[in-house]
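Reader: I have a model open and want to learn how to read its features. Can you take me through them one by one?

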Amino acid sequence: MRDHSEPIIPAAGKLGILIPGLGAVATTFIAGVLAVRRGGAQPVGSLTQMSNIRLGKRTENRYPKIKDFVPLAGLDDLEFGGWDVYEDTVYEAAVKAQVLDRALLDTIRPELEALVPMKAAFDRRFVKNLDGTHVKTFSTLYDLAEQVMDDMRTFQAARNCSRLVMVWCGSTEIYHELAPVHETLLAFEAGLHANDSHISPSMIYAYAALKQGVPFVNGAPNLTVDVPALLELAHETRTPIAGKDFKTGQTLMKTILAPGLAARALGVRGWFSTNILGNRDGLVLDDPDNFKTKEVSKLSVLEDIFRPEDNPALYGDIYHKVRINYYPPAGDNKESWDNIDLFGWLGYPMQIKIDFLCRDSILAAPLVLDLALFMDLAKRAGMSGVQEWLSFYLKSPQTAPGLRPEHDIFQQLMKLQNTLRYLMGEDLITHLGLDYYEDLMEAR
Ligand SMILES: NC(=O)c1ccc[n+]([C@@H]2O[C@H](COP(=O)([O-])OP(=O)(O)OC[C@H]3O[C@@H](n4cnc5c(N)ncnc54)[C@H](O)[C@@H]3O)[C@@H](O)[C@H]2O)c1
């Protein structure tokens, strides 16, 4: 809990956003911010830049932009850096990702070309379908983590940043479960010295960030910071963490639609979801071990929204299936289909079909921006550990141990907005309204 006697530290100076994995999402994010900075382009999909927030009673009519309400870093004060297993500059990687038009990229080409990835902390056992060679050599994993920390310090000094945040936009690592080395910080640090095979590259970056008090977000479904050892480190260094897996595309639709069906007490028998995508993410997910990590992340959503154990009549028999197929011609323009078998009054069946022709990285880029800015705010506000109020952005939200995640996007939004109100000393909004409603009626 934040101590209100301590003011939020102002967002003075530059904020460095460090990104392991400069692929489609990261390059779309960076190029997008630079394009917005130049003027003419709009940061659509970013709450921090484009959304308003209601304050006080409805009668007060106070509805400022979020960026005018909370002290966030401005877009002009952002610096970008990162690591990748390929040597491509951010310009080359963005061209290869084929998300943004070449004409747009060319307007900011010199700035993008100046962004050269640092050598990655990489282990092919965790991402089998990649063969990049722009990787660090090391003796122990501890040495590897120290090299990442050195990179961070060098970047911060060279770019004159007052603060850093790190957002993992690297490939999805293979599925692995909690091992003894993840249980305590002591065991984890011993594992770093002993090259424990259960420590993945994303954990090395997370350790390096948390050790230096730099907020860490995990945009992929890997375990990464969702282990007791790194949670312990986050508390020790008073650092905010958030994860896992950016909520875009199909899962975004699911967490919009499913709460609506549950709200109207409509039953669901089946929800079949399939996707085709042809970007590098799709290639990585073509490997069954990498897909398993994503599948676990995608499957948990409906169960938590419908709570079949509490409502077996409506949701007890739900069959939920998620498929992803790698299909190169689709590129980053993923197509996802959902078939929903639902039922209404007296059990009469109905169907909903969704065909979402989405653009994965276009949906993900604003999430990177908002998460980076809000995590920096959290740090300056003295918040640490899991930032559950940012579940809004995540497919598989990390929670305090033992708590069920909240997947309903509307509940998530309310929590996010109330957290901002709380931070700024505004009244929380319960939507009860009875207190002033009666006064209004009497005044008539
Ligand atoms: N695009 C979306 O809508 C979306 C949604 C949710 C999650 N994600 C996740 O975000 C991540 C990035 O997605 P993307 O479409 O940009 O994928 P991408 O394949 O284009 O980019 C990932 C990059 O990470 C690099 N990489 C892999 N391991 C690394 C390491 N150890 N260190 C440094 N770099 C490393 C790869 O070389 C690649 O360039 C993926 O894990 C994806 O599953 C994406």
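Reader: Which residue forms a salt bridge with K211, and how far apart are the closest N and O atoms?

Author: First, the ground rules. This is a predicted model, where local features need pLDDT of at least 70, side-chain atom pairs count only at pLDDT 80 or more, and totals for chains, interfaces and linings use all residues. Residues are numbered from 1 along each chain as its sequence is written, and side-chain values use heavy atoms, with hydrogens and water left out. Now the term: a salt bridge is a side-chain nitrogen of Lys or Arg within 4 Å of a carboxyl oxygen of Asp or Glu. Here the partner of K211 is E189, with the closest N and O atoms 3.3 Å apart. K211 sits in helix α9 (residues 201-211) and E189 in helix α8 (residues 185-193), so the pair ties together parts 22 residues apart in sequence. Helices (H or I, at least four residues) and strands (E, at least two) are DSSP runs, numbered from the N terminus.

Reader: How many salt bridges does the structure hold?

Author: The count is 20. Take E309 and R404, whose side chains meet at 2.6 Å, N to O. This pair links distant parts of the chain, 95 residues apart: E309 is in the loop between α13 (288-306) and α14 (312-315), R404 in the loop between β11 and α16. Salt bridges with shared partners also join K14, E79 and R159 into one network.

Reader: Which residue pairs with D245 in a salt bridge?

Author: K395 does, with the closest N and O atoms 3.8 Å apart. K395 lies in the loop between β11 (385-386) and α16 (409-423), and D245 in the loop between β6 and α11, so the pair ties together parts 150 residues apart in sequence.

Reader: Is K395 buried or exposed?

Author: The cut-offs come first: buried means under 20% relative accessible area, exposed over 50%, partly exposed in between (1.4 Å probe, protein chains only). K395 is buried, at 5%. D245 is buried too, at 2%.

Reader: What is the phi of D245?

Author: The general idea: most residues other than glycine have a negative phi, and most peptide bonds are trans. Phi of D245 is near 75 degrees, a positive value in a residue other than glycine. A cis peptide bond joins G243 and K244, with omega about -5 degrees. K244 is found in the loop between β6 (240-242) and α11 (249-263).

Reader: Which residues form a nonpolar patch on the surface?

Author: Patches use residues with over 30% relative accessible area and no salt bridge: like charges are joined within 9 Å, nonpolar side chains (Val, Leu, Ile, Met, Phe, Trp, Tyr) within 5 Å. W345, L346 and Y348 form this one, with about 510 Å² of accessible area together. Areas come from the Shrake-Rupley method with a 1.4 Å probe; for residues, only the protein chains shown count as cover. W345 is in the loop between β9 (335-343) and β10 (349-357). W345 counts as exposed at 75%, and L346 at 70%. L346 has a positive phi of about 65 degrees, although it is not a glycine.

Reader: What is Q49 in contact with?

Author: Contact means heavy atoms within 4.5 Å. Leaving aside neighbours within four places in sequence, Q49 is in contact with P43, K65, K67, L75, L369 and L373. Q49 lies in helix α2 (residues 47-50). At 10% relative accessibility, Q49 counts as buried.
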